[in-house]
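Dear colleague,

My notes on its pockets and aromatic rings follow it.

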Amino acid sequence: MQVRKPYIEDMPAWTAMRKILWPHTTPSDNQEEAHRIFSGYPIEDEEETGAFMLEGPGGELVGFIEVSMYATLPYYPEKPVGFVEGWYVAEAFRRKGGGRKLMEAAAEWASRRRCRVLGSDTEVWRKESVAAHTGTGFAIVHREGETIFFRR
């Protein structure tokens, strides 16, 4: 599996994977965010947003990661902060190193922007996501309701 930057042709596969990760997003929200990310514009309060795709052995797209840079964020005293907005690998391709490769690409992206920390979050009930975060070097820094915040 290999990690690469997204191409405009990847948008349908990327939006389909986002829909699996966040089933409550509307198609119009997904399309709007896709256009912004694929055009290089930040989504909300971010200063900059990056994205990477994971290609499977046959060239099919099987995962993605979105990472942003913020001037400040709660729970992270370092400035600026890189933050993983979304991280997904198709079930058939999990535990094969692709998720780790995506996370390394996000960490490198943040580091090039002088971020001293990489943050992320997930919901408590997403046990596989919690394990994937800790397995790639993240530590829990805060829990708020059903959300766990990590730092690396």
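The lining of the second largest pocket is made up of five nonpolar, three polar and three charged residues. Please note that the model is a predicted one. Helix 2 (27–39) and strand 2 (48–55) each supply at least two lining residues; strand 2 gives the most, with four.

The largest pocket has a volume of about 1,200 Å³. Of its 45 lining residues, Leu21, Trp87, Tyr88, Ser129 and His133 are the closest to its centre. By class, this lining comprises 18 nonpolar, 11 polar and 16 charged residues.

Turning to the aromatic rings, the structure contains seven aromatic pairs. Tyr75 and Phe149 form a tilted pair, with 4.8 Å from centre to centre and 50° between the planes. This pair links distant parts of the chain, 74 residues apart: Tyr75 is in the loop between strand 3 (61–70) and strand 4 (81–89), and Phe149 is in strand 7 (residues 147–151). Tyr75 is partly exposed, at a relative accessible area of 32%, whereas Phe149 is buried, at 14%.

The ring planes of Tyr76 and Phe83 stand at 75° with the centres 6.1 Å apart, so this pair is edge-to-face. Both Tyr76 and Phe83 are buried. Ring pairs also join Trp14, Trp22, Phe64 and Tyr88 into a cluster.

Yours sincerely

Notes
Residues numbered from 1 in each chain as written. Predicted model: local features only at pLDDT ≥ 70, side-chain atom pairs only at ≥ 80, totals over all residues. Heavy atoms only, no water. Phe/Tyr/Trp six-rings, centres within 6.5 Å; stacked < 30°, edge-to-face > 60°. Buried < 20%, exposed > 50% of the residue type's maximum accessible area, 1.4 Å probe, protein only. 1 Å grid on protein atoms, 1.4 Å probe; cavity = no way out; pocket = protein on both sides within 12 Å on 5 of 7 lines; lining within 4 Å. Points joined across faces, edges and corners; volume = space filled by probe spheres on them. Nonpolar A, V, L, I, M, F, W, Y, C, P; charged D, E, K, R; others polar.
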